[in-house]
Protein chains: 2
Amino acid sequence: MKKEKIKIPKATLERLSIYYTALQNLDNEEVITISTLELAKILKIKPEQIRKDLSMFGNFGMKGVGYDVIHLKIQIANILGLQNYWRLAIIGVGNLGAALANYEKITDWGFVIAALFDIDENKIGEEINGVRIYDFEKFVPISRRKLIDIGVIAVPDDAAQSVADTLIKAGVSGIWNFTAAKIDAPKDIVVVEENLMAGLSALSFYINQNSN
Amino acid sequence: MKKEKIKIPKATLERLSIYYTALQNLDNEEVITISTLELAKILKIKPEQIRKDLSMFGNFGMKGVGYDVIHLKIQIANILGLQNYWRLAIIGVGNLGAALANYEKITDWGFVIAALFDIDENKIGEEINGVRIYDFEKFVPISRRKLIDIGVIAVPDDAAQSVADTLIKAGVSGIWNFTAAKIDAPKDIVVVEENLMAGLSALSFYINQNSN
């Protein structure tokens, strides 16, 4: 059965990930139910916004009781597609790649870091968090064997497109790009850009405005 | 003289940082001028969008010639407030904090990584990239002596607010928060959240949609 594709604004998706984090924390604290108002207070997001976001996907709340924490957590995980246990490969095990390989949230959210890749002979064969670093030259066969869904690009900017081309050739479904380079990819490949300097320069902009 | 505060959408600010990256690369390649159409092609952003974004801040282009690369680069740096050479302290020298301390783009863009902080005795006194790791217990006096403008929070989520409280007490102007915790701060302190899991879960969402 083909599910209908829902068009969701990027900002809504971002808030869903924030709700998911909050529900994980509440679940860890063994909270059973939470009202929209309580959730709004924790997250500093307007209750109307939370109601509107969640109503896009169905009716999760119980009148007078609020949301069942575990139930809502699972629902959001399903909306975000987290039940797929996507398999990640990180390409480029420099500082950033190593930090991502060690970033517990990625696995907490159900993603599997299945392989690491580099071209540095001193790194190949080593492990981070029990995951082996392979020679990027062998990406295509290893990626197919390890059923990689998502390639994480953490290489220098000028190598980004050539790495992406290899990922695409290997048949990944998505690319998480940590370089400042824009990636050319066919339309059926999802590319998400993680532009750290955008965040820092926004910070600079607002501080500069405040100080004028 | 008080400058007028310009209200700029977050997406525009993000594109300005993308233009800045492209102009840096063009300048490195010794390109002197570039037309809107060429810039649009490199960045895969519509030329109308680029014209609209840049026209918010004045008239930078020369009819029939395009933009002077260095001039436009400096103009955007000024808009983004990069000429302030903001001084950063990174709090939490785990994998992510160390990756940020080694992230060359931060210094390429004119930010100064002035100090690192941790509570781990084995790390205190060590250096990354020539920058010393100090005891976070001494943050307030060291931050004031080193004129820290921006605190980068790269600690576990449950320590984020207490770290933020110390940064605020020390008088920082901005906080770059890499935790999933929401930071409570007075209105005059700029807080930018870097929510990595939002990017990864957006990727998961779109791949899931494609595969249905």
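**Close-ups of the chain A–chain B contact**

**View 1. How chain B meets chain A.** In this predicted model, the contact draws 65 residues from chain B and 65 residues from chain A. Together the two chains bury about 6100 Å², and 65% of that sits on carbon and sulfur atoms. On the chain B side, look for L196(B), M197(B) and F205(B): these lose the most area to chain A, together 11% of what that side buries.

**View 2. Polar and charged links across the interface.** There are 17 residue pairs in polar contact here, both partners at pLDDT 80 or more. The interface also has 4 salt bridges. One to zoom in on joins K44(A) to D184(B), with the closest N and O atoms 3.5 Å apart.

**View 3. What chain B brings to the contact.** Elements giving two or more residues to the side that touches chain A include α1 (10–28), α4 (69–80) and β9 (190–193) of chain B. The biggest giver is α9(B), with 15 residues. Sorted by type, this side of chain B has 35 nonpolar, 19 polar and 11 charged residues.

View 4. Seven strands make an open, mixed sheet, ordered β5-β6-β4-β3-β7-β8-β9. β8(B) and β9(B) run parallel over 4 bridges, and W176(B) stands opposite V192(B) in β9(B). Helix α9 (196–210) of chain A packs on this sheet, touching β3, β7, β8 and β9 of chain B, at about 165 degrees to β8(B). From chain B itself, helix α8 (160–170) lies across β3, β7 and β8, at about 170 degrees to β7(B).

Notes. Residues numbered from 1 in each chain as written. Chains lettered and ligands numbered in written order. Predicted model: local features only at pLDDT ≥ 70, side-chain atom pairs only at ≥ 80, totals over all residues. Heavy atoms only, no water. Contact = heavy atoms within 4.5 Å. Buried area = accessible area lost by both parts, 1.4 Å probe. Salt bridge = Lys/Arg side-chain N within 4 Å of Asp/Glu carboxyl O. Polar contact = N/O pair within 3.5 Å; in protein donor to acceptor, adjacent residues only side chain to side chain. Nonpolar A, V, L, I, M, F, W, Y, C, P; charged D, E, K, R; others polar. Pairing = 2+ DSSP bridges. Axes fitted to C-alpha atoms, helices over the stretch in contact; angles between N-to-C directions.
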